[in-house]
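I opened a notebook for this structure and wrote down each look-up as I made it. The entries follow in the order I worked.

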Amino acid sequence: MAGHKSPSVIIFALAICVTGCPTPRGVKSRPDHSNAGTLSVTNGVSEGEEQWEFNPEVGAVGGSAAIDSDGNLYVPLGACLYLVDPSGRPKCYFQAGGRIFSSPSLEGIRRVHFGSDDGYFYTIDTVRCEQLSSFKAAGPIKSSPVVVRNKAFFASFDGTVYSIDLGGAPKPVWQYAVGAPIRSSPAYAPKARLIVIGSDNHKVYAFDRDNGGSGPKWVFTANAKIPGPPSVARFRDHEVVVVGVDTESSAIPVRVYSILDTGSELWHYDVSAGIAVQGVAITPDGKVFFGTASSEVYCLALISGQLLWKVAVADGSVVLGAPAVSSNGIVYIGGSRTLYAIDAETGAIKWKFHTIGVIPIESSPTIARDGTVYIGELDGHFYAIR
């Protein structure tokens, strides 16, 4: 059952084969073509049909794709980052020294940033897929970066949070070790100027954007480890951070927390079944969406944490990943071998798209402005669906 505090203010939501990377043998395509959070779309028509499939046979899709203003996609596959055009054809690729679980972050018109299991944080030219710079962290980087004012914020798996200056040769502005592995990616609260991230030690850390090396401004203790990225929403004069946990035990409730930017709890909601919440999406009309490891998708009211609806998308236990929501009111979420499209208002399942392999739970769908949805899976297939 949910436990919550009820504020009297209105919330406005703001908006993640290792040995070589050959040119793919072919791309299946059809005529026509086109981040957790809400993204504007210019065409609301969606039927769940495959537009094309990309599989260079180099390894699993490790994170979410990024998309630029021209519709080009930056797709992490195995140890490679591929640049794929809107028709599904590869333009170029870059090979890192280890698997890429970090979802790439675009900056400006010619730079993309991401981390790798080789411990390097890379900046790549988006025209030729050539390395511009790299920074060596203390451990593998599974965290997806946030880029603010030419600074990149991310964490290495050994538990160190970094702020890196991207001007010229990358150099640390600050770093801080939390003493536990970090699988979570950071979120940025712009009004409070906070970098917020979760950890396997059950804690959420909030660092001052410019001076995080002196320690966190606050630490919030959850009831279990935090695998996915926090999401941030505006709260009039404040911001709130919404985050879910992974309990790995039926004796401990799975919990979603809403935390004020001061570090105090606003509300929490306990899920009756399931063992993990990998990430949440928040919409401008004040709704929080997430999936669990028990095949259920939940919709909560952001202002109070009250349940608005929940729906079981499959029979049995299907682990659901991080959702993404389009501005025309469709929740997209992957689970096992299926991508689900759900009506955000009612919870009705609009369509299902079946993939060949398992969709990784860390990977959120990417939505283009024309309504095309992109998702990858562990067999190395990357799909455009419309």
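**Entry 1: the disulfide**

I searched for disulfides and found one in the structure. The model is a predicted one. I noted for myself that a disulfide is a covalent bond between the sulfur atoms of two cysteines. Here cysteine 92 is joined to cysteine 129, with 2.0 Å from S to S. I then looked up the torsion about the S-S bond of cysteine 92 and cysteine 129. The torsion is about 65 degrees, so I logged the disulfide as right-handed. Next I asked where the two ends sit. Cysteine 92 is in strand S8 (residues 90–95), and cysteine 129 is in the loop between S11 and S12. They are 37 residues apart, and the pair links distant parts of the chain. Are cysteine 92 and cysteine 129 buried or exposed? Both are buried.

I also checked cysteine 299. Cysteine 299 has a relative accessible area of 0%, so I marked this residue as buried.

**Entry 2: a sheet of four strands**

I turned to the sheet that holds S11 and S12. Four strands make up this open sheet, in the order S9-S10-S11-S12. Their pairing is antiparallel. Which strands stand at the edges? They are strand S9 (105–107) and strand S12 (131–136). Each has a single partner strand, so one side of each has no neighbour in the sheet.

Strand S10 (residues 111–115) and strand S11 (residues 120–125) run antiparallel and are joined by five bridges. Glycine 115 stands opposite phenylalanine 121 in S11.

**Entry 3: aspartate 125**

I stayed in strand S11, where aspartate 125 lies. Its relative accessibility is 7%, and buried means under 20%, so aspartate 125 counts as buried. I listed what aspartate 125 touches, leaving out residues up to four places away in sequence. The list reads Arg110, Glu130 and Leu132. I also looked up one C-alpha distance. Aspartate 125 and histidine 113 are 12 residues apart along the chain, and their C-alpha atoms are separated by 9.3 Å.

**Entry 4: aromatic pairs**

I searched the whole structure for aromatic pairs. How many did the search find? It found 22. I picked tryptophan 174 and phenylalanine 207. Their ring centres are 5.4 Å apart and their planes stand at 35 degrees, so I logged the pair as tilted. Tryptophan 174 is in strand S16 (residues 171–177), and phenylalanine 207 is in strand S19 (residues 203–208). The two are 33 residues apart, and the pair links distant parts of the chain. Tryptophan 174 and phenylalanine 207 are both buried.

My next pair was phenylalanine 220 and tyrosine 257. This pair is edge-to-face, with 5.2 Å centre to centre and 70 degrees between the planes. Phenylalanine 220 belongs to strand S20 (residues 218–221), and tyrosine 257 to strand S23 (residues 254–260). They are 37 residues apart in the chain. Phenylalanine 220 is buried at 8% relative accessibility. Tyrosine 257 is buried too, at 3%.

I also looked for clusters. One aromatic cluster is formed by Phe153, Trp174, Tyr176, Tyr205 and Phe207.

**Entry 5: lysines over rings**

I looked up charges over ring faces and wrote down two. Lysine 136 lies over the face of tyrosine 120, 5.5 Å from the ring centre. Lysine 142 lies over the face of phenylalanine 157, 5.7 Å from the ring centre.

I found valine 277 in the loop between strand S24 (265–271) and strand S25 (281–283). Valine 277 is buried, with a relative accessible area of 1%. Leaving aside neighbours within four places in sequence, its contacts include Pro227, Val254, Val256 and Phe290. Gly244 is also among them. The C-alpha atoms of valine 277 and glycine 244 are 5.1 Å apart, while 33 residues separate the two along the chain.

Alanine 189 counts as buried at 1% relative accessibility. Residues up to four places away in sequence aside, alanine 189 touches Leu194, Val232 and Glu239. Its C-alpha atom is separated by 9.0 Å from that of serine 231, 42 residues away along the chain.

Notes
Residues are numbered from 1 along each chain as its sequence is written. This is a predicted model: local features need pLDDT of at least 70, side-chain atom pairs count only at pLDDT 80 or more; totals for chains, interfaces and linings use all residues. Side-chain values use heavy atoms; hydrogens and water are left out. Rings of Phe, Tyr and Trp (its six-membered ring) pair if their centres lie within 6.5 Å; planes under 30 degrees apart count as stacked, over 60 as edge-to-face and the rest as tilted. Buried means under 20% relative accessible area, exposed over 50%, partly exposed in between (1.4 Å probe, protein chains only). A charge sits over a ring if NZ of Lys or CZ of Arg is within 6 Å of the ring centre and within 35 degrees of the ring normal. Two strands pair if DSSP finds at least two bridges between them. A disulfide is a pair of cysteine sulfur atoms within 2.5 Å. Contact means heavy atoms within 4.5 Å.
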